[in-house]
Amino acid sequence: MSKIKDYSNGEITVHWEPSKCWHFGACVRMLPDVYDPEKKPWITPEDATTEALKNQIAQCPSGALSYSMDSQTITSAEEGIRHLNILKDGPILSKKEVLVTYEDGTKETKFTRRSYCRCGASDNLPFCNGNHNKNNFKAEAHNPE
Ligand code: SF4
Ligand code: FES
């Protein structure tokens with residue numbers, strides 16, 4: 001099991017799994033006050049609202065980022081549709097909808113993302129870790145849906 005690092009603003013905890021990160025910087029471009037590789041810690045969730053963090057985490061292509069709510073306990077999680085997308089010159093992306101119900105009855109649709117290597121050069125197989133960008137991997141895109 002690879003290491004996961006946690007960063008909380010007191011309301012939401014951002015989880016980051018470095019071995020799955022592409023280091024491509026979508027998070028840095030979207031919320032530069034929160035994600036700054038030059039800072040320590042490099043993620044400071046107190047510099048954005050919980051809603052802004054949720055929106056940004058939903059855009060992390062690799063699934064390296066996820067979150068949990070600090071004062072909410074999940075009572076059920078119902079899996080929904082899975083979307084598959086094969087990227088041009090890159091990995092296979094899997095995005096799955098999960099309908100989460102919390103203890104207080106509120107519901108939220110979350111997405112779990114995974115990116116699977118198809119260039120063979122990842123240090124974290126079967127997951128992509130962005131190495132396809134370094135080895136100039138070439139392959140066609142494909143959307144099976
Ligand atoms: S993979 Fe996710 S965590 Fe890593 S740089 Fe890209 S957006 Fe940020
Ligand atoms: S497809 Fe990304 S490391 Fe192989």
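**Close-up views of pockets, sheet and cavity**

**View 1. The largest pocket is lined by 26 residues, and those that lie nearest its centre are S66, Y67, K110, F111 and T112.** A pocket is, on a 1 Å grid over the protein atoms alone, an open set of points with protein on both sides within 12 Å along at least five of seven lines, and lining residues have an atom within 4 Å of a point. This is a predicted model, in which local features need pLDDT of at least 70 and side-chain atom pairs count only at pLDDT 80 or more, while totals for chains, interfaces and linings use all residues. Residues are numbered from 1 along each chain as written, chains are lettered from A and ligands numbered from 1 in written order, and side-chain values use heavy atoms, without hydrogens and water. The space in this pocket comes to about 490 Å³, a volume being the space filled by probe spheres set on the grid points, which are joined across faces, edges and corners. At least two lining residues come from each of β2 (12-16), α2 (50-57), β3 (65-69), β4 (74-86), β5 (92-102) and β6 (107-116), where helices (H or I, at least four residues) and strands (E, at least two) are DSSP runs numbered from the N terminus. The largest share of this lining, seven residues, is supplied by β6. Sorted by class, the lining of the largest pocket has 14 nonpolar, five polar and seven charged residues; Ala, Val, Leu, Ile, Met, Phe, Trp, Tyr, Cys and Pro count as nonpolar, Asp, Glu, Lys and Arg as charged, and the others, Gly among them, as polar.

**View 2. Ligand 1 takes up the space of the second largest pocket.** The volume of this second largest pocket is about 240 Å³. Of the 17 residues that line the second largest pocket, C21, H23, F24, G25 and C27 lie nearest its centre, and the largest share of the lining, three residues, belongs to helix α1 (residues 26-30). Around ligand 1 itself stand W16, C21, W22, H23, F24, G25, A26, C27, C60, P61, S62 and L65, each with a heavy atom within 4 Å of the ligand. This shell is made up of nine nonpolar and three polar residues, with no charged ones. The lining of the second largest pocket likewise has no charged residues, its members being 13 nonpolar and four polar.

**View 3. The strands of an open three-stranded sheet follow the order β4-β5-β6, with antiparallel pairing.** Because β4 and β6 stand at the edges and each has a single partner strand, one side of each is left without a neighbour in the sheet. Strands pair if DSSP finds at least two bridges between them. Between β4 and β5 there are 10 bridges: I74 has Y102 of β5 as its bridge partner, and A77 has V100 of β5. In the hairpin of these two strands, which has five residues between them, D89 takes a positive phi near 55°. The antiparallel pairing of β5 with β6 also runs over 10 bridges, and here K95 is the bridge partner of R113 in β6. The hairpin of β5 and β6 has four residues between the strands, and G105 takes a positive phi near 95° there.

**View 4. The largest cavity has a volume of about 50 Å³.** A cavity is a set of grid points where a 1.4 Å probe fits but cannot get out, and the count comes to one cavity of 30 Å³ or more. The residues that line the largest cavity are G90, P91, C117, R118, C119, S122, C128, N129, G130, N131, H132 and F137. By class, five of these lining residues are nonpolar, six polar and one charged.

Notes:
A molecule sits in a cavity or pocket if more than half of its atoms lie within 2 Å of its grid points.
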